[in-house]
Amino acid sequence: MTEDCIFCKIINGDFGTEFVYESENVVAFNDINPKAPVHVLVVPKIHVASLNELEDKELMGELLCAVKQVAKITGLKAYKTLINTGKEAGQEVFHLHLHVMGNK
Ligand code: 5GP
Ligand code: ZN
């Protein structure tokens, strides 16, 4: 856990955020400012700043499996998956997250 990271705090349960999905190393929760009717963030439990810092291929796989599970759980048949990497690309929170966005 990184002290000043908002997603580490969410993962730690500091705000009582409900998890849409949880696996051994991954959690998913609703985006606070949704840009689609369903907008979920899939996040590794360990602090990884961005995709560029992620080396663990098993965790990469677990993150994509989580995306599929989130789509299933939230009833999405079609959805977009987005990863912003770097400030210039629009990354605002520097704890890796995969956006899952779609209409039910
Ligand atoms: P980025 O621009 O880094 O790819 O996306 C960050 C996302 O995190 C944004 O869609 C923003 O709405 C969401 N976000 C920022 N702070 C919080 C928060 O405290 N809780 C939740 N659930 N989402 C957040
Ligand atoms: Zn973090």
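Reader: Which residues come nearest to ligand 1?
Author: This is a predicted model, and in it 17 residues stand around ligand 1, of which Asp31, Asn84, Gly90, Glu92 and His99 come nearest.

Reader: And what kinds of residues make up that shell, nonpolar, polar or charged?
Author: The shell around ligand 1 divides into seven nonpolar residues, seven polar ones and three charged ones.

Reader: Which elements give two or more residues to the shell?
Author: Those elements are α1 and β2, and the largest share of the shell, three residues, comes from α1.

Reader: Let's go down to atoms: where does aspartate 31 touch the ligand, and at how many Å?
Author: In aspartate 31 it is a polar side-chain atom that lies 2.5 Å from an oxygen atom of ligand 1.

Reader: What about valine 93 and asparagine 30, is it backbone or side chain there?
Author: For valine 93, a backbone N or O atom lies 3.0 Å from an oxygen atom of ligand 1, while for asparagine 30 a backbone N or O atom lies 2.9 Å from a nitrogen atom of the ligand.

Reader: How much of ligand 1 does the protein bury?
Author: Ligand 1 exposes 520 Å² when it is taken alone, and the protein buries 85% of that area.

Reader: Changing topic, which space does ligand 1 take?
Author: Ligand 1 takes the space of the largest pocket.

Reader: How much space lies in that pocket, and which residues are closest to its centre?
Author: The largest pocket holds about 500 Å³ of space. Its lining is made of 23 residues, and Phe7, Asp31, Ile32, Leu41 and Val93 are the closest to the centre.

Reader: Which elements give two or more residues to the lining?
Author: For the lining of the largest pocket, those elements are α1, which spans 6-11, together with the strands β2 (26-30), β3 (38-44) and β5 (98-102). The largest share of this lining, three residues, comes from α1.

Reader: And how does the lining divide by residue type?
Author: The lining of the largest pocket divides into ten nonpolar residues, nine polar ones and four charged ones.

How values were computed
Residues are numbered from 1 along each chain as its sequence is written. Chains are lettered from A and ligands numbered from 1 in the order in which they are written. This is a predicted model: local features need pLDDT of at least 70, side-chain atom pairs count only at pLDDT 80 or more; totals for chains, interfaces and linings use all residues. Side-chain values use heavy atoms; hydrogens and water are left out. On a 1 Å grid over the protein atoms alone, a cavity is a set of points where a 1.4 Å probe fits but cannot get out, and a pocket is an open set with protein on both sides within 12 Å along at least five of seven lines; lining residues have an atom within 4 Å of a point. Grid points are joined across faces, edges and corners, and a volume is the space filled by probe spheres set on the points. Helices (H or I, at least four residues) and strands (E, at least two) are DSSP runs, numbered from the N terminus. Ala, Val, Leu, Ile, Met, Phe, Trp, Tyr, Cys and Pro count as nonpolar, Asp, Glu, Lys and Arg as charged, and the others, Gly among them, as polar. A residue is near a molecule or strand if one of its heavy atoms lies within 4 Å of it. A polar contact is a pair of N or O atoms within 3.5 Å; within protein, one must be able to donate a hydrogen and the other to accept it, and residues adjacent in sequence count only if both atoms are side-chain atoms. Accessible areas come from the Shrake-Rupley method with a 1.4 Å probe; for residues, only the protein chains shown count as cover. A molecule sits in a cavity or pocket if more than half of its atoms lie within 2 Å of its grid points.
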